[in-house]
Amino acid sequence: MTNLIASLQTHLKTVVAVCFVLLAVIAGSSLTVDTHHAHTWVEQHVPFFWSFFGFAAAAVIIGVARWFGRSGIQAPTDFYDCSTSKSCEED
Amino acid sequence: MASSFIHPSLFLILGGLLLPFIQGPLRKPYLFLVPLLAMGAVVLNASLSGNFATVSFLDWQLVFGRVDKLSTVFALIMGLMAVIGTLYGLHVDRAGEHMAAWFYAAGSLGAIYSGDYISLFLFWEMMAFASVFLIWFRRGKQSLAVGYRYLLIHTIGGIILLAGILLRYQAVGNITFDLMDVAHPELYTWLIMIGFGLNAAMVPLHSWLPEAYSEASFNGAVFLCAFTTKTAVYVLARSCAGMDILVVLGVIMALYGVIYAVMENDIRKLLAWSIVSQVGYMVAGIGIGTDLAINGAVAHAVVHILYKSLLFMGTGSVLYMTGKTKFTELGGLHAKMPATFFFTLIGCLSISAAPFFAAYVSKSMIISAGFENHLNWASWLLMFGATGTFMYNGLKLPYFLFFGQNNCSAETWKKAADPTWNMMIAMTLGATLCILVGTAPGFLYAMLPHVVDYSPYTAYHLMETLQLLGFAALAFFLLRKYVEPVDRICLDIDWLYRKAGSGFLWLVKGPLQGGDTAWGEAYRVVGLSSLMTLSRFWSWFDWHVIDGVVDGIARSVRALGDKVRVLQSGQIQLTLYYAFSLAAIVFVTFIFFQLL
């Protein structure tokens, strides 16, 4: 397995190209699937709906997590230690 | 056939009590045998149906063996987890750690088989008090404090549950543990639901989970990730199915866990956040309450135990071999731990609901049930959360741990290697089951509480999943620098009670202790001194006045007695003489005063 991974890493551009082709095939194939049993209107009528949804959801989650973290949720690792001892006050 | 029920907890409890006496070469076979016997008992019980092991206690009938499809499927997966978890930690020498794990598993199995609230509560608390040792046995610098916080929170949850049980008994008059009237919830309904919900890590009662599970010992976490939350899912499915609020709470859990997992730097804490998120799906399914939703929640609980334990075994192997758990101290490990990487990857694909892997056959049941029940908002948000799950668990975890930037120190890199044979076998077993359930879900569906009319392998579902995963992966690789782990902690709702605790400590150590010291000093200077002066006065008064009067009277009486004693010679004529003389004096005096 290590050799396989090393081989893939040495041919990274080819791997990336294959992945893009695969994505295109998946998206294209989605047009051929019967959507009559889908639960909602958008699934039935918007082409590549789940491709958009997947990309947008991932981007939104990354954005929200980053904003949330930067807004003060991510704190130094000694945050709670500092609150119980005076040694951090000087920092 | 009442005698045919065998309680699996008995094997684990008795086995645990005997364990310290089993030493040397017999230890490992014994460790393997005991959970296997418990598992065997669960398998034998699976053929039964009804109430067994009933015991009369005071006015109540305790049921230790309620066997039906719901309890059986949970008992089977818990029994299996006891076997896999023990196998994973087979080389651990500390008997106490195995005992804690077995008592914990026994508590879970006991709760699952309980048919009444009293025995349920007994096993419920047994779980909490046994599992805390799995945190303490890590023996890290934070372990003790984290363990105490864990115990404190679970004790509070236990008290809330007990209050609900007592109120329910007062209102209903029985202790039967069954579906409550969730359409018309009373106070006790809410209290019982909250008591159960705390163990299910419902937001905002969830903070104990990421903190405790990331701090547990490498094999303790494998047990922890399976038992507490999924036992809570079982009791919620048993008692609160169809309770609307659970849909809202489940969706919040699913999304909240995703956001925190994306921010997290600790690999095991990421997985712990993932539990909050995944249990959210189960809670939402229970809230929807239809047959499909309950089947989905139960199926997801079963597969979740399989893939989550596999993931904790993979990351536990990293911790065991390197001593590190932070992305910022790890990376590039695929070269040193290829087998661990492979098994972890199977766990990652399983939790991501990739086709042919475990969660693919369960998560979609809950989402479909939401759509079918016209709860579109919930299903859309759960789909949104599912994308996040793939991103942090299917991509972030394997990428930054096994590939990405190599942050290992020379020492960490040197120590990194695939773990011992028993850990590898346990991971092989977990990985095999993840693929088996994902590719052939029929045997899982056959065990679910309701008849399953659902097929996950439709062309539409397959294409939907492939698009979702494929394009989420594209977004991740384009935006991965924004999710790069940083060496920081994420503040959560526990901030409130940890700050409140610190505030209380400050209040006690500062103003209260200062006030107490000042009061003591004031008492010593003012109160004690004045009291001493007063005491001295009363001492003087007692000595000179009270004693003076009493002693003076006594002395006077004695002196008078001495005088009078002379008069008592004992001769009758003298006595008559004194008596008549005295009478004459009195008589003359009386006459004299009459004449005046």
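Guide: H6(B) and H7(B) cross in the left-handed sense. The model is a predicted one. Helix H6 of chain B covers residues 143-172 and helix H7 of chain B covers residues 187-199; their axes come within 8 Å and cross at roughly 150 degrees. Angles over 145 degrees count as roughly antiparallel, so H6(B) is roughly antiparallel to H7(B). On the H6(B) side the contact is made by Gly157(B), Ile160(B), Leu161(B), Ala163(B), Gly164(B), Ile165(B), Leu167(B), Arg168(B) and Ala171(B). H7(B) contributes Leu187(B), Tyr188(B), Leu191(B), Ile192(B), Ile194(B), Gly195(B), Phe196(B), Leu198(B) and Asn199(B). Sorted by class, the contact of H6(B) with H7(B) holds 13 nonpolar, four polar and one charged residues.

One is with helix H15 of chain B, residues 376-402: the two axes come within 11 Å and cross at roughly 160 degrees. H11(B) and H15(B) are therefore roughly antiparallel, and H11(B) passes H15(B) in a left-handed crossing. From H11(B), the residues that meet H15(B) are Ile267(B), Leu270(B), Ser274(B), Ser277(B), Tyr281(B) and Ala284(B). Their counterparts in H15(B) are Ala378(B), Leu382(B), Gly385(B), Thr389(B), Tyr392(B), Asn393(B), Leu397(B) and Leu401(B). This contact of H11(B) with H15(B) has nine nonpolar and five polar residues, and no charged ones.

The other packing of H11(B) is with helix H9 of chain B, residues 220-239, at an angle of about 15 degrees and with the axes 10 Å apart. H9(B) and H11(B) are therefore roughly parallel, and their crossing is right-handed. H9(B) brings Ala221(B), Cys225(B), Thr229(B), Val233(B), Leu236(B) and Ala237(B) to the contact. H11(B) brings Arg268(B), Ile275(B), Val279(B), Met282(B), Val283(B) and Ile286(B). Ten residues of the contact of H9(B) with H11(B) are nonpolar, one is polar and one is charged.

Chain B is divided into domain 1 (8-238), domain 2 (241-488) and domain 3 (498-590). The centres of domain 1 of chain B and domain 3 of chain B, taken over C-alpha atoms, are 68 Å apart. Chain B also has a strand pair: strand S1 of chain B (residues 50-57) and strand S2 of chain B (residues 60-67) run antiparallel over seven bridges. Within this pair, Thr54(B) has Val63(B) in S2(B) as its bridge partner. S1(B) and S2(B) make a hairpin with two residues between them, and Leu58(B) in the turn has a positive phi of about 55 degrees.

Definitions and conventions: Residues numbered from 1 in each chain as written. Chains lettered and ligands numbered in written order. Predicted model: local features only at pLDDT ≥ 70, side-chain atom pairs only at ≥ 80, totals over all residues. Axes fitted to C-alpha atoms, helices over the stretch in contact; angles between N-to-C directions. Helix = DSSP H or I, 4+ residues; strand = E, 2+ residues; numbered from the N terminus. Parallel < 35°, antiparallel > 145°, perpendicular 65-115°, else oblique. Left-handed = near helix turned anticlockwise from the far one by under 90°. Contact = placed C-beta atoms within 7 Å. Nonpolar A, V, L, I, M, F, W, Y, C, P; charged D, E, K, R; others polar. Domains from an automatic or database assignment. Pairing = 2+ DSSP bridges.
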